[in-house]
Amino acid sequence: MAHQAHAYHMVDPSPWPLTGAVAALLMTSGLAIWMHFHNMTLMSLGLILLLLTMYQWWRDIIREGTFQGHHTPPVQKGLRYGMILFITSEVFFFLGFFWAFYHSSLAPTPELGGCWPPIGITTLNPFEVPLLNTAVLLASGVTVTWAHHSIMEGQRKQAIQSLTLTILLGFYFTALQAMEYYEAPFTIADGVYGSTFFVATGFHGLHVIIGSTFLAVCLLRQAQYHFTSDHHFGFEAAAWYWHFVDVVWLFLYISIYWWGS
Amino acid sequence: GRRHTAVQQMARRSICSSARRQVENKVPQKQKMFQEDNGMPIHLKGGSSDALLYRATMVLTVLGVGFTLYELVKASFPQKKD
């Protein structure tokens with residue numbers, strides 16, 4: 001078997017970039033077809049293909065790293081840069097929605113009554129469920145750090161417990177937020193207040209779900225002995241992502257829930 | 001009485017057996033399987049279930065492209081109004 005004279009990872013040919021691209025094609029075209037002809041088939045097919053692609057692509061990365069040993073220090077460095085750049089792009093994504101919020105709220109138009117919150121909007125009390133949500137996410141930041149230290153110290157059971165607690169806190173946040181959405185006295189259709197509120201908090205909620213899923217995968221991997229005390233980058237990436245989700249919430253809470261109320 | 005003790009003993013036995021069920025460390029086996037020099041690419045190296053899932057995904061991919069082109073061409077022509 002030929003051996004490489006370098007520490008980098010030359011990946012096997014893979015079908016997943018193609019299936020992923022086709023999934024994107026199906027989801028976008030499907031979205032247009034759904035909007036015009038009320039048929040969800042194409043979009044749903046795209047979603048299924050996306051899930052299949054993500055499952056198999058990330059499964060293959062776990063095989064390459066954990067089972068084949070391809071994630072040498074230089075390769076891991078590249079993965080770190082990659083995750084940092086991805087999170088940075090997500091920061092810019094949210095920046096746009098914060099820009100929209102401040103654009104409308106710092107100079108409220110006469111149509112809104114020249115004030116923020118606009119006339120007719122009953123805002124949520126920032127010191128009720130939103131404050132609880134803040135405490136929940138901050139606590140989950142502590143538990144995920146506990147999990148990291150447990151992994152680094154080789155404490156298998158504690159790592160599993162603290163990681164499980166982190167995920168449960170994430171689910172609790174999602175459940176509380178879903179309840180808030182249901183009970184809110186305003187909707188996304190209630191002018192620019194409704195739009196900025198639900199688009200910003202809605203995308204945040206989606207990221208909480210994504211982050212919880214990433215952490216859940218890490219929990220399964222920790223249970224299956226994938227992580228060692230000095231090599232567990234998948235977990236670190238999930239923890240970075242989770243801290244990012246927490247920080248976005250803090251900005252949302254301060255700007256939209258508190259200052260905007 | 002005695003029946004109560006028997007139930008307690010049974011409860012204790014079942015709790016013990018579930019606590020003893022540990023997840024086995026299968027990483028060394030997996031490492032051996034995935035480092036075997038059999039020329040299989042990573043996305044098929046896990047066995048026949050890999051091939052099944054791959055084939056299913058590819059079928060959806062090809063059908064999906066066809067379906068998309070069909071829907072887009074159909075949408076490009078004037079729709080018959082009822």
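The following exercises, with worked solutions, concern a predicted model.

**Exercise 1.** Determine how the ring pair A:F127 and A:W258 is classified, and where its two members lie.

*Solution.* A pair of aromatic rings is described by the distance of the centres and the angle of the planes. Here the centres are 5.6 Å apart and the planes stand at 80°. Centres within 6.5 Å make a pair, and an angle over 60 degrees counts as edge-to-face; the pair A:F127 and A:W258 is therefore edge-to-face.

**Exercise 2.** Decide whether A:F127, A:W258, A:F197 and A:F198 are buried or partly exposed.

*Solution.* Buried requires under 20% relative accessible area, and exposed over 50%, with partly exposed in between. At 49%, A:F127 is partly exposed, and A:W258, at 43%, is likewise partly exposed. A:F197 has 3% and is therefore buried; A:F198, with 13%, is buried as well. These two phenylalanines, A:F197 and A:F198, also form an edge-to-face pair, with 4.9 Å from centre to centre and 80° between the planes.

**Exercise 3.** Identify the residues of the nonpolar surface patch of about 390 Å², and locate A:M40.

*Solution.* The patch is made by A:L31, A:W34, A:M35 and A:M40. Of these, A:M40 belongs to the loop between α1 (16–37) and α2 (41–67) of chain A. Patch membership requires over 30% relative accessible area; A:M40 has 41% and is partly exposed.

Note on methods: Residues are numbered from 1 along each chain as its sequence is written. Chains are lettered from A and ligands numbered from 1 in the order in which they are written. This is a predicted model: local features need pLDDT of at least 70, side-chain atom pairs count only at pLDDT 80 or more; totals for chains, interfaces and linings use all residues. Side-chain values use heavy atoms; hydrogens and water are left out. Patches are made of residues with over 30% relative accessible area and no salt bridge: like charges are joined within 9 Å, nonpolar side chains (Val, Leu, Ile, Met, Phe, Trp, Tyr) within 5 Å. Accessible areas come from the Shrake-Rupley method with a 1.4 Å probe; for residues, only the protein chains shown count as cover. A salt bridge is a side-chain nitrogen of Lys or Arg within 4 Å of a carboxyl oxygen of Asp or Glu. Helices (H or I, at least four residues) and strands (E, at least two) are DSSP runs, numbered from the N terminus. Buried means under 20% relative accessible area, exposed over 50%, partly exposed in between (1.4 Å probe, protein chains only). Rings of Phe, Tyr and Trp (its six-membered ring) pair if their centres lie within 6.5 Å; planes under 30 degrees apart count as stacked, over 60 as edge-to-face and the rest as tilted.
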